[in-house]
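Look over the sequence and the model before reading on.

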Amino acid sequence: MFSGQKRSAAIDPNAISINIISKGTEIQGNIISQGDMRIEGVLQGDLTSKARVVIGDSGEVKGNIHANDAVISGKVMGNVLV
């Protein structure tokens, strides 16, 4: 039924990650990311991403955002530099 061969998923350590702060989660502090960020919860601090930042409907950022691209549906209380 099972072969003796092991399968391994190819994981690229250089791949861009997607980071999510879920609804109901609150983080205090600055975040620096190489990958995409999605905020559905609350971030109290600055957010820097070399990729895309998405602030969802329930998302809230109390700080500045620096990103390559941004989609904002929630609240941002700070400056946005894209």
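What follows is a short report on this predicted model.

## Overall fold

The protein has 0 helices and 12 strands. Read along the sequence, the pattern is β-β-β-β-β-β-β-β-β-β-β-β. Contacts between residues 24 or more positions apart make up 1% of those with a separation of 6 or more.

The chain has 82 residues, and 29% of them count as buried. The accessible surface is about 5900 Å². Carbon and sulfur atoms hold 49% of that surface.

## Serine 49

Serine 49 sits in strand β6, which spans residues 47-49. Its relative accessible area is 4%, so serine 49 counts as buried. Leaving out residues up to four places away in sequence, serine 49 touches Ser33, Gly35, Met37, His66, Ala67 and Asn68. Take asparagine 68: 19 residues separate it from serine 49 in sequence, and the C-alpha atoms are 6.9 Å apart.

## Salt bridges

Side chains of opposite charge can pair when their charged atoms come close. The structure holds 3 salt bridges.

Aspartate 69 pairs with arginine 52, with the closest N and O atoms 2.6 Å apart. This pair links distant parts of the chain: aspartate 69 is in strand β10 (residues 69-72), arginine 52 is in strand β7 (residues 52-55), and the two are 17 residues apart. Aspartate 69 is partly exposed at 27% relative accessible area. Arginine 52 is partly exposed too, at 39%.

Arginine 38 bridges to glutamate 40, the closest N and O atoms being 2.9 Å apart. Arginine 38 has 34% relative accessibility and counts as partly exposed. Glutamate 40 has 18%, so it counts as buried. Glutamate 60 bridges to lysine 62, with 3.4 Å between the closest N and O atoms. Glutamate 60 is buried, at 17% relative accessible area, whereas lysine 62 is partly exposed, at 37%.

## Nonpolar surface patch

Which residues form a nonpolar patch on the surface? They are Ile72, Val80 and Val82, with about 250 Å² of accessible area together. Valine 80 belongs to strand β12, residues 80-81. Its relative accessibility is 38%, so valine 80 counts as partly exposed.

Notes: Residues are numbered from 1 along each chain as its sequence is written. This is a predicted model: local features need pLDDT of at least 70, side-chain atom pairs count only at pLDDT 80 or more; totals for chains, interfaces and linings use all residues. Side-chain values use heavy atoms; hydrogens and water are left out. Helices (H or I, at least four residues) and strands (E, at least two) are DSSP runs, numbered from the N terminus. Buried means under 20% relative accessible area, exposed over 50%, partly exposed in between (1.4 Å probe, protein chains only). Contact means heavy atoms within 4.5 Å. Accessible areas come from the Shrake-Rupley method with a 1.4 Å probe; for residues, only the protein chains shown count as cover. Patches are made of residues with over 30% relative accessible area and no salt bridge: like charges are joined within 9 Å, nonpolar side chains (Val, Leu, Ile, Met, Phe, Trp, Tyr) within 5 Å. A salt bridge is a side-chain nitrogen of Lys or Arg within 4 Å of a carboxyl oxygen of Asp or Glu.
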